[in-house]
Amino acid sequence: MPGNNTVRILDGNTFVVSEDTGDIEATPNEPTGLFSLDTRYLSKWVLTVNGERLNALSYDDLQYYEARFFLVPGMATHYVDAKLSIIRERAVGGSFRETLTILNHDEKAVDLQIRMDAGSDFADLFQVKDEILNKKGEHYAEAESDRLRLGYRRGNFRRETIVSADQPARYDQRGFAWSIRLEPNEQWDAVIDVQTFAIGPGGRDLRMGLRAHGTERLALQHDLEEWISRAPKVNSEHDRVAATYRRSLVDLAALRFSPLSLGGQTLPAAGLPWFMTMFGRDSILTCLQVLPFAPEMSKTTLRILAALQGTRFDDFRDEDPGRILHEMRYGETAAFEEQPHSPYYGSVDATPLFVVLLDEYERWSGDGALVKELERECRAALKWIDDYADLLGNGYIWYERRNTDTGLENQCWKDSWDSISYADGTLPPFPRATCEVQGYAYDAKVRAARMAREFWGDPAYADQLERGAAELKRRFNNDWWVADRGFYALALDPDGRQCEVLSSNIGHLLWSGIVDDERAPTIAEHLVGSRLWSGWGVRTLAEGEVRYNPIGYHNGTIWPFDNSFVAWGLRRYGFAEEAATVANGILDAATYFDGRLPEAFGGYRRELTKFPVEYPTACSPQAWSTGAPLLLLRSMLGLEPHEQHLAVDPRLPVGMGRIEVLDIPGRWGRVDAFARGRIDLEELAD
Amino acid sequence: MVDTTTRFFEDLDRRGFEPLLAKTSGTLRFDLHEGPHTTHWVLEIDHGSLRVRQADGEADTVVGTEPRLFAELVGGEENAIAALLRGDMTVMGDLRLVLQVERVFPGPPDSRGPHHTFSGRGA
């Protein structure tokens, strides 16, 4: 993965990852490049002056779509006495544009050879971390008088990079160059344009006319300003909450993504840079997190996921009728079916969560028209839950991939290979059923019953759904409860044997409402008890479990997104102090990351490390980490839509001071919420 | 003997209404190129109501493929989105129409669907 000194800018799923000099020299360890449509269009982009590499004095990532690098000739030495300054300013917005500025500070004129080495391996995003040896197609490079054309062709699959500049340059197959003479204090500028093409046989680009917003820099800036001005304002006595909120809002703007099929509407992509694509689960959970702040995202997400809902059995894609997609990709491996992402359907939670989001969105927005519009898709999703996902015919959602080569083994959010285990650490056979997904299914039925009664005019269906939900809750509380340890099992194996491990998943069960009331206090106790609670957050897996590892991806790290749903769940069952504890820990952690929460951080005890140890991860910002502070705010302020008004029932910790959220949009128009910290968390800990 | 493509379109025409396309309206033209010869099919969708004509004409979306690939698409052997990404199928105009109509194509003939084991065991 790129080191910490890489610079990333993006627009939609076009993005640039480079070194701090602006150079790109891709290797499996440093997967830098210019990427678009899940394809690397530049793997080499190295600037030299008189044959010398440049040294970075500083860089600014001005906005998510632009960056500026200040450079001097020569490699780093402890003393830089430069007579030349080189500034690279770049922006992505459809194409990639770089402006070179060279300043001569010497009292003499200088002759300069300025060269950019340019090349591309056209690697699929799935290949960038591998040594790319056996591409099945052919590469080509054509130098023309006014441009360099880099290309890759495999059958009708063609991807092309075209580089041109406003200052006449000499192009060759490996780059382009200028010879210039600069008088004392003279400045030279050149604008380089890099365009990416996905060309069909007719010579027409796949993406023509399908852009999210204006691709020019000014249009992007205007779009960002408008996005921020539309969102509620958050003011806080202590700056950290407001600062984290602002950071989240800007990152959320960067993560908006317009799929090819949506005609310019946007939904949240999963994470930058490697997951700038549609993910069913991530997009839905992010929408749920940000509903009080950016409700329009839910509408477009629901519409696009509905439009791509499964309609048939396709074992390669793990597609079933009614199933909501997991992941869509546009690169070579998807095109040639070396990967199943066209799209891939292998997740079991996206489908019930789709129904949950639709209901929650209506409760906030009052947009009953969308509930009516998506009735058919909701019914198909509910039918999937009962018919196709219930592999054992016992009323639960199970998973077992049919694509055994490239499909996902674990189709829940903890999707790494070793995330689901028995108490002795061994892995159960398939099919498996994880607890939180049963909670989502319960919630989906309860919510769909409301929609059936209020919008679909089908009270009989509503009754049937409610009976189904009640039966599911009764049986779940019987089959999954680990009586001697006082929690719900993480999963069941096909023989009904429990995976008796204590995990954060029980917090999602609170959120879904499937937990019996008399058991809720025990669950809340576990969540803020010493085995799950680190001081910063709730661990994915409790300390003391065989597979527990404070830096185990799903076996001990702390995921901010996970915690935000845990807090919501605690609040739902009336555990406001515990919810505030979780919110406080995660928001404290956020300050160590300048308000940008990582995907996950270590499960070490807070008093041991004093600061949250970031899990070395590929993606930052990540959509559902970005959404986490927003859902935590909602939980602490107790924001809950009730009929035509917004209920506010704040329970903040003392240290949080005063918080106000202004102009919360919804069916009530816009309202404000105010809160003051009153909960003494120290007391609670005793 | 009627080929797969003809059977597919005749079936759509006979069906008259497709619930999966109830929110879709527009006209698609399928141009099946084989050397100098092109066969045209026009599919008109009006909120799920379908009308098929074997003719040339204006359309919101024009899809181009070889006849053999198209037969495999409507037979489920090939996948339309992968074919589009590969450049084996081209689309001019409104891409959304294709992505909606593609959902009416069948899955692969050898796909079996979920492996249900109604063993009566389990929880």
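1. **Ground rules.** The model is predicted: local features need pLDDT of at least 70, side-chain atom pairs count only at pLDDT 80 or more, and totals for chains, interfaces and linings use all residues. Residues are numbered from 1 along each chain as its sequence is written, chains are lettered from A and ligands numbered from 1 in the order in which they are written, and side-chain values use heavy atoms, with hydrogens and water left out.

2. **The annotated domain.** UniProt lists residues 371-591 of chain A as "domain: Mannosylglycerate hydrolase MGH1-like glycoside hydrolase", in an unreviewed entry. Its positions are given in the numbering used here, feature names are shortened, and annotations may be inferred rather than shown by experiment. In the model, this stretch of chain A is 47% helix and 5% strand. Its end C-alpha atoms lie 39 Å apart. Helices (H or I, at least four residues) and strands (E, at least two) are DSSP runs, numbered from the N terminus.

3. **Helix α9 of chain A.** This helix covers residues 435-454, 20 residues in total. The expected span of a helix is 1.5 Å times one less than its number of residues. Is the helix enclosed or open? Of its 20 residues, 16 are buried, so α9(A) is largely enclosed by the rest of the structure. Buried means under 20% relative accessible area, exposed over 50%, and partly exposed in between (1.4 Å probe, protein chains only).

4. **Cysteines.** How many disulfides does the whole structure hold? Zero, over all chains. A disulfide is counted when a pair of cysteine sulfur atoms lies within 2.5 Å. Why does C412(A) form none? Its closest cysteine sulfur, in C435(A), is 9.3 Å away, too far for a bond. C412(A) is buried, at 1% relative accessible area. C499(A) is buried too, at 0%.

5. **The A-B interface.** Chain A gives 52 residues to the contact and chain B gives 37. Contact means heavy atoms within 4.5 Å. The two chains bury about 3,500 Å² between them, with 54% of it on carbon and sulfur atoms. Buried area is the accessible area (1.4 Å probe) that two parts lose on being put together, summed over both. Two salt bridges cross this interface. The rule asks for a side-chain nitrogen of Lys or Arg within 4 Å of a carboxyl oxygen of Asp or Glu. E377(A) and K23(B) meet in a salt bridge at 2.9 Å, N to O.

6. **Chain B as a whole.** Chain B has four helices and five strands. Along the sequence they run α-β-β-β-β-α-α-β-α. The C-alpha atoms fill a box of roughly 60 × 30 × 30 Å, taken along the principal axes. Of the 123 residues in chain B, 48% are buried. Among its contacts between residues at least 6 apart in sequence, 62% join residues at least 24 apart.

7. **One residue in chain B.** T5(B) sits in helix α1 (residues 4-15). Is T5(B) buried or exposed? It counts as buried, at 6% relative accessibility. Leaving out residues up to four places away in sequence, T5(B) touches L32(B), W41(B), P67(B), F70(B), A71(B) and V74(B). G76(B) is 71 residues from T5(B) in sequence, but 12 Å away in space, C-alpha to C-alpha.

8. **Backbone points to check.** Most residues other than glycine have a negative phi, and most peptide bonds are trans. A cis peptide bond joins S342(A) to P343(A), with omega about -15°. P343(A) is in the loop between α5 (332-335) and α6 (350-365). Another cis bond joins F430(A) and P431(A), with omega about -5°. P431(A) lies in the loop between α8 (375-388) and β21 (433-434).

9. **Positive phi.** N50(A) has phi near 50° and is not a glycine. It is in the loop between β6 (44-49) and β7 (52-63) of chain A. N50(A) is partly exposed, at 43% relative accessible area. D318(A) also has a positive phi, near 50°. Its loop runs between α4 (296-307) and α5 of chain A. D318(A) counts as buried, at 1% relative accessibility.
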